[in-house]
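Here is a friendly walk through one protein chain. Have a look at the sequence and the structure first, and then we can go through the details together.

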Amino acid sequence: GIQIGGAITGLNIKNNILMDNGIELWGYSNVTSITSDHNVVYHVAGGNFMAWLNIPQTWALWKTNSRQDANSSNADPLFSDPFVGGFTLQPGSPARSTGIYIPGVSTSNPPNIGAN
C-alpha cells in the first residue's frame, strides 16, 4: 500500500486520481501538515481501504477523522481502458470538471481531476 509518513510537512494532494485493484491500503502517518482535496479515490473492493494513523478506515471515517477530502469523491473514475494504458476519462466520469484550479498548472477552470 501507499503510506506517506516521516518528516513531511506542507504536503498538498489535489486533483489526483488514486485507484487500485482492491488489495492495497492508502493512508498517512506522522504527517504534521497535509491538505488532501479535490481527488477521486477508488478502491475496487471498498471497505476499510484508507488508513489514518495506521488504523484502517472506511472512506466516511477517513474523511471525518483526517478532516481531509471534503470535496473528493470515492467513485470509479471511469477510465477508457486502464489495463492497457487507456486513461482517458469516459463521459460521466466523476473526475470531469471537478478539480480545483491551480494557477500555473491548470489549463481550464474547473479542470479535470487527474489532468490539467
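## A question to begin with

Leaving aside its neighbours within four places in sequence, which residues is Ala70 in contact with? The partners are Asp37 and Lys63, where contact means heavy atoms within 4.5 Å. Ala70 is found in the loop between helix H1 (59–66) and E9; helices (H or I, at least four residues) and strands (E, at least two) are DSSP runs, numbered from the N terminus. In sequence 34 residues separate Ala70 from Ser36, while their C-alpha atoms are 8.5 Å apart in space.

Ala70 counts as exposed, because its relative accessibility is 61%. The classes used here are buried (under 20% relative accessible area), exposed (over 50%) and partly exposed (in between), with a 1.4 Å probe and protein chains only.

## What kind of model this is

This is a predicted model: local features need pLDDT of at least 70, side-chain atom pairs count only at pLDDT 80 or more, and totals for chains, interfaces and linings use all residues. Residues are numbered from 1 along each chain as its sequence is written, and side-chain values use heavy atoms, with hydrogens and water left out.

The predictor's confidence in each residue, pLDDT, runs from 0 to 100. Its average over the chain is 83, and 81% of the residues score at least 70. Confidence is lowest in strand E1 (residues 2–4), with a mean of 52, and highest in strand E9 (residues 73–74), with 94.

## The sheet

Three strands form an open sheet, in the order E3-E6-E9 and with parallel pairing. Strand E3 (17–20) and E9 stand at the edges with a single partner strand each, so one side of each has no neighbour in the sheet. Two strands pair if DSSP finds at least two bridges between them; E3 and strand E6 (residues 40–43) do so in the parallel sense over four bridges. One of the residues involved is Ile17, whose bridge partner in E6 is Val40.

## Cores and aromatic pairs

The largest nonpolar core has six residues: Trp26, Val41, Phe49, Met50, Trp59 and Trp62. Such a core is a set of buried Ala, Val, Leu, Ile, Met, Phe, Trp, Tyr and Cys residues joined through side-chain atoms within 4.5 Å. Another core, of five residues, lies apart from it and includes Val40, Phe79, Leu89 and Ala95.

How many aromatic pairs does a search of the whole structure find? There are two, given that rings of Phe, Tyr and Trp (its six-membered ring) pair if their centres lie within 6.5 Å, with planes under 30 degrees apart stacked, over 60 edge-to-face and the rest tilted. Phe49 and Trp59 are stacked, because their ring centres are 6.4 Å apart and their planes stand at 5°. This pair links Phe49, in the loop between E6 and strand E7 (50–52), with Trp59 in helix H1, ten residues apart. Phe49 is buried at 2% relative accessibility, and Trp59 is buried at 11%. Phe79 and Phe87 form an edge-to-face pair, 5.1 Å centre to centre with 85° between the planes; Phe79 is buried at 13% relative accessible area, whereas Phe87 is partly exposed at 48%.

## The two sides of helix H1

Buried or exposed: which are Trp59, Trp62 and Ser66 of H1? They are the buried residues of H1. Their arc around the axis is only 55°, so they lie on the same side of H1; the arc is that of the directions from the helix axis to the C-beta atoms. Ala60 and Thr64 are exposed on the other side of H1. Just after H1, Arg67 takes a positive phi of about 60°.
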